[in-house]
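I opened this model to jot down a few things for my notebook. Here is what I looked up, entry by entry.

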Amino acid sequence: MIFRNFKQSDYDSVIDLWKRAGIILSRSDTIQGLEKKLDRDPELFFVAEEEGRIIGVVMGCYDGRRGWINHLAVDPEYQGRCIGQEIIQELEKRFRKLGCEKVNLLIEMHNSSVQGFYEKMGFKKDELIFMEKWL
Ligand SMILES: CC(C)(COP(=O)(O)OP(=O)(O)OC[C@H]1O[C@@H](n2cnc3c(N)ncnc32)[C@H](O)[C@@H]1OP(=O)(O)O)[C@@H](O)C(=O)NCCC(=O)NCCS
């Protein structure tokens, strides 16, 4: 398995993987939306590939203060084989290289069972009120 940065030609495969893994997509996940994301820290948006097949993906972001993890997903056929763990380790390595000291992530309420995975990766739950507004 190798890690390589996301490129535009991965779009259909990545969207398919996200859908099959149950990631909820939004209007920010159009090809234009993901191209915009590539303008900033493209090395944090990468795929795990095995024999030419994309089996995992994550979209990290660094805002200059905190790192954020978005849309982490492993192909359901490959889950439970430590690929998620390896993606997190690789992403943390890339965050550290940028000088990032703390990483945050949000879990949708319907997906709360994934909390156990992140706890194994060393993350701790914080009691916060998440607010949002589409522009
Ligand atoms: C969450 C996800 C990325 C984990 O990837 P994975 O490759 O299946 O996980 P790993 O095999 O690397 O698991 C690493 C460890 O976490 C544990 N783990 C994995 N999923 C877990 C879960 N849902 N709850 C509790 N522990 C979990 C594994 O048992 C393993 O523990 P071990 O080292 O003691 O054996 C993957 O299940 C997935 O794509 N889920 C659907 C999409 C999703 O929910 N993404 C997160 C959005 S916030």
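**Entry: arginine 94.** With which side chain does the side chain of arginine 94 make a polar contact of 2.9 Å? I found that of asparagine 5. A polar contact here is a pair of N or O atoms within 3.5 Å; within protein, one must be able to donate a hydrogen and the other to accept it, and residues adjacent in sequence count only if both atoms are side-chain atoms. I also noted a polar contact of 2.8 Å between the side chains of arginine 94 and glutamate 90. Buried means under 20% relative accessible area, exposed over 50%, and partly exposed in between (1.4 Å probe, protein chains only).

**Entry: ground rules.** This is a predicted model, in which local features need pLDDT of at least 70 and side-chain atom pairs count only at pLDDT 80 or more, while totals for chains, interfaces and linings use all residues. Residues are numbered from 1 along each chain as its sequence is written, and side-chain values use heavy atoms, with hydrogens and water left out.

**Entry: strand S3.** Helices (H or I, at least four residues) and strands (E, at least two) are DSSP runs, numbered from the N terminus. I looked at S3, residues 53-62, and found eight of its 10 residues buried, so the rest of the structure largely encloses this strand. Two strands pair if DSSP finds at least two bridges between them. S3 pairs with S2 (residues 45-50) in the antiparallel sense over six bridges, and with S4 (residues 67-74) in the antiparallel sense, over six bridges. Methionine 59 is the bridge partner of phenylalanine 45, and methionine 59 also stands opposite asparagine 70 in S4.

**Entry: the two turns.** The hairpin of S2 and S3 has two residues between the strands, and glutamate 51 in the turn has a positive phi of about 45°. In the hairpin of S3 and S4, four residues lie between the strands, and glycine 64 in the turn has a positive phi of about 95°.

**Entry: the ligand.** Which residues come nearest to the ligand? Of the 21 around it, they are Leu72, Val74, Cys82, Gly84 and Asn111; a residue is near a molecule if one of its heavy atoms lies within 4 Å of it. I sorted the shell into 12 nonpolar, seven polar and two charged residues. S4, H3 (83-97) and H4 (115-120) each supply at least two shell residues, and H4 gives the largest share, four.

Next I checked the oxygen atoms of the ligand. A polar side-chain atom of glutamine 79 lies 3.3 Å from one, a backbone N or O atom of glycine 84 lies 2.8 Å from one, and a polar backbone atom of glutamine 85 is 2.8 Å from one. The protein covers 72% of the 920 Å² of accessible area that the ligand has on its own, by the Shrake-Rupley method with a 1.4 Å probe.

**Entry: cysteines.** How many disulfides are there? I count zero, taking a disulfide as a pair of cysteine sulfur atoms within 2.5 Å. For cysteine 61, the nearest cysteine sulfur is that of cysteine 100, 11 Å away. Cysteine 61 is partly exposed at 22% relative accessible area, and cysteine 82 is partly exposed at 44%.

**Entry: tyrosine 78.** Tyrosine 78 is in the loop between S4 and H3. From C-alpha to C-alpha, tyrosine 78 is 6.8 Å from isoleucine 55, and the two are 23 residues apart in sequence.

Terms used: Nonpolar A, V, L, I, M, F, W, Y, C, P; charged D, E, K, R; others polar.
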